[in-house]
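Subject: Structure for your review

Dear colleague,

Please find below the structure that I am handing over to you.

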Amino acid sequence: MAHVVIIGASTGGLPAAYDIKSELGSGHKVTVVSAGPDFHFVPSNPWVAVGWRTRADISFPLEEPLKKKGIDFIAQLVTEIKPNDNQIVLKDGTTLDYDYLVIATGPKLAFDEVEGLGPNGHTVSVCTVGHAEEANVKWQEFVANPGPIVVGAAAGASCFGPAYEFAMIMDTDLRRRRLRDKVPMTYVTSEPYIGHLGLGGVGDSKGLLESEMRQRHIKWICNAKVTKVEAGKMHVAEHNDKGELVKEHELPFKYSMILPAFKGVDAVAAVGEDLCNPRGFVKVDQFQRNPKWNNIYSVGVCIAIPPVEATPVPTGTPKTGYMIESMVSATAHNIKHALNGEAPEKVATWNAFCLADMGDTGAAFLALPQIPPRNVTWAKQGKWVHWAKAAFEKYFIWNMKRGATEPLYQKLA
């Protein structure tokens, strides 16, 4: 009997557990190790931040659904990985042996790379449900006494969608409260242009998002590096296409959300260069395996993918939901091949399908494959996207509660 251990139980780790158990059957053991006891649907965090959702709406305890599928669950932080010994060390000091390890930890949030950034500084975050709840408390205070907003993404950020979403969700919420006229809003981003998204653009994402932001009276600064955040003031360095500093801004704000750059979590990054790149992201081959330790696989935001292109201010490549689904499927099949003594053959498609909510409308982006050059690029806007994203939230959470492995909704979409 082989033992497969999965570190992480979010939108990569939990589907991986279900898929691997389905592929391997009852003859092999699968264990999920997560730092917390609950699953959280991360894409809904911007809604939590303005009070359109609560933690209870987008979360559920992990133990019972996993138990029903015959999957063991440990709610503990992993503090060390020992790849030469096929072991991980948990926070309480106990060790867990594995035959195959799947790293699906998600990222470490690198707020510390910018002075004053993040929940421990002067800006809010929508990266975790806890952060989003804190952001909502401050949002309620803000709407009682509104002022300027600064929103966007720091240098090195790779997941730009939530920044655009949150800017437009805030705009929608303020208009519903008849407060929008009291709130100047500025979008600050490391992207070279609006709609770059860390992907070099998707279809006419530039024109689509620029038009939407003009319509909503959201100003923007691109090729921007947030250098420091003080209480009520953000320092931003704007660069030209050559990466040369052209202007320094001091932006006043009463409310601000800036997405940070990502890094690998401590336990993963500590293994060193054979497992990770300098940012701590896991190196994988086309079969999702680490090149040195072929019994270690990785899926999701924590894997190493180079930027799609060099940009004046550093940007990363996002790992979108459908892309992660394909990584999960490939990993499950290739572990089964390995157990059967066969060569791996399943390769992730890395296609991107993204539904971006804009509060009262939305935009859908399709990139096949996600990394250019592409066979298909497509972008459309409409109220249907807002409702489709709300439906997908319910569908995905329902699937995770019942342990479904077939991403039917995504395939139909």
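The notes below set out what was found, topic by topic.

This is a predicted model, in which local features need pLDDT of at least 70 and side-chain atom pairs count only at pLDDT 80 or more, while totals for chains, interfaces and linings use all residues. Residues are numbered from 1 along each chain as its sequence is written, and side-chain values use heavy atoms, with hydrogens and water left out.

Cysteines

The structure holds zero disulfides, a disulfide being a pair of cysteine sulfur atoms within 2.5 Å. For C222, the closest cysteine sulfur is that of C159, and the 17 Å between the two sulfurs is too far for a bond. C302 is likewise in no disulfide, its nearest cysteine sulfur, in C276, being 9.1 Å away. C222 is buried at 13% relative accessibility, and C302 is buried at 2%. Here buried means under 20% relative accessible area, exposed over 50%, and partly exposed in between, with a 1.4 Å probe and protein chains only.

Helices (H or I, at least four residues) and strands (E, at least two) are DSSP runs, numbered from the N terminus. Strand β15 (residues 233-239) contains H235. β15 runs antiparallel to strand β16 (residues 245-252), and seven bridges join them; two strands pair if DSSP finds at least two bridges between them. Within this pair, E238 stands opposite K247 of β16. The two strands form a hairpin with five residues between them, and G243 in the turn has a positive phi of about 85°.

H235 is buried, with a relative accessible area of 16%. Its side chain makes a polar contact with the side chain of E230 at 3.0 Å. A polar contact is a pair of N or O atoms within 3.5 Å; within protein, one must be able to donate a hydrogen and the other to accept it, and residues adjacent in sequence count only if both atoms are side-chain atoms. Leaving aside residues up to four places away in sequence, H235 touches K225, V226, T227, K228, E230, H249 and E250, where contact means heavy atoms within 4.5 Å.

A three-stranded sheet

An open sheet has the strand order β6-β7-β8, with antiparallel pairing. Its edge strands are β6 (78-82) and β8 (95-97), each pairing on one side only. Three bridges join β7 (residues 87-90) to β8, and V89 stands opposite T95 in β8.

Helix α10

Helix α10 (residues 383-402) has 20 residues and should span 28 Å at 1.5 Å a residue, which agrees with the 29 Å between its end C-alpha atoms. The expected span is 1.5 Å times one less than the number of residues. Among the buried residues of α10 are V385, H386, F392, Y395 and F396. G403 follows the helix and has a positive phi, near 75°.

Backbone exceptions

Most residues other than glycine have a negative phi, and most peptide bonds are trans. The bond from L368 to P369 is cis, with omega near -10°, and P369 is in the loop between β21 (362-368) and β22 (376-381). R178, not a glycine, has a positive phi of about 60°; R178 is in the loop between α6 (161-176) and β12 (185-188) and is exposed, with a relative accessible area of 67%. L197 also has a positive phi, near 65°. L197 is in the loop between β12 and α7 (205-215) and is buried at 10% relative accessibility.

With kind regards
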